[in-house]
Amino acid sequence: MKLRIASPVICDSIVDGPGLRMVIWTQGCKHNCKGCHNPQTHSLTKGYEIETKEIIDKMASLKLQQGITLSGGEPFLQPAPLAEIAKEAQDMNLDVWSYTGFKFEELIDRKNPLYFENVELLKYIDVLVDGKFELDKRDISLLFRGSSNQRIIDVKKSLKYKTVVLKFEYMQEKELYTAK
């Protein structure tokens with residue numbers, strides 16, 4: 001299966017989730033967040049296609065990485081090939097994080113045309129950072145996100161309980177009292 005990516009996969013990120021991580025930068029995003037740090041990933045036609053097998057083979061060669069991160073662009077514009085990669089990552093005992101400009105509730109809304117593909121991908125994601133980047137809520141002191149509206153979600157628990165369950169260990173003390 002093919003996946004459109006923005007750049008070569010990197011294997012040594014320490015800012016896209018905990019530990020040393022492999023990051024897949026998907027190409028294509030319709031959110032156009034003001035102040036986005038990856039505007040070059042917005043075009044749906046730029047970047048290049050790669051076979052998921054190539055990424056899976058690269059994952060199999062990892063040694064010290066804790067997991068993989070799906071970023072972009074917008075990963076949930078290409079949920080089917082990413083589900084294949086995320087499943088293989090979990091089979092290799094790698095945790096899977098993903099960023100999205102969508103809210104978790106939008107991804108699992110049955111009216112979403114990609115509902116089934118989204119749910120399939122979510123089954124293999126451990127942590128989801130959701131919500132658009134909002135420049136007026138930018139906060140460089142936050143872990144693993146750019147603006148205070150974005151949530152760090154425990155996907156497995158959220159799917160099980162059918163409500164958003166936050167990963168409190170990645171939140172600051174001030175946020176714990178205002179978490180929704």
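Which residues does Asn-149 touch, not counting residues up to four places away in sequence? Asn-149 touches Lys-103, Gly-131, Lys-132, Glu-134 and Lys-137, where contact means heavy atoms within 4.5 Å. This is a predicted model, in which local features need pLDDT of at least 70 and side-chain atom pairs count only at pLDDT 80 or more, while totals for chains, interfaces and linings use all residues. Residues are numbered from 1 along each chain as its sequence is written, and side-chain values use heavy atoms, with hydrogens and water left out.

**Around Asn-149**
- Asn-149 is buried, with a relative accessible area of 17% (buried is under 20%, exposed over 50%, partly exposed in between, using a 1.4 Å probe and protein chains only).
- A polar atom of the Asn-149 side chain lies 2.8 Å from the backbone oxygen of Lys-132.

**Salt bridges**
- The structure holds 12 salt bridges (a side-chain nitrogen of Lys or Arg within 4 Å of a carboxyl oxygen of Asp or Glu).
- One of them pairs Glu-51 with Lys-2, their closest N and O atoms being 2.9 Å apart.
- Glu-51 lies in strand 4 and Lys-2 in strand 1, so this pair ties together parts that are 49 residues apart in sequence (strands are DSSP runs of E, at least two residues, numbered from the N terminus).
- Both partners are partly exposed: Glu-51 has 29% relative accessibility, and Lys-2 has 45%.
- Another salt bridge joins the side chains of Glu-120 and Lys-123, at 2.9 Å from N to O.
- Glu-120 is partly exposed at 32%, and Lys-123 is partly exposed at 39%.

Technical notes
A polar contact is a pair of N or O atoms within 3.5 Å; within protein, one must be able to donate a hydrogen and the other to accept it, and residues adjacent in sequence count only if both atoms are side-chain atoms. Helices (H or I, at least four residues) and strands (E, at least two) are DSSP runs, numbered from the N terminus.
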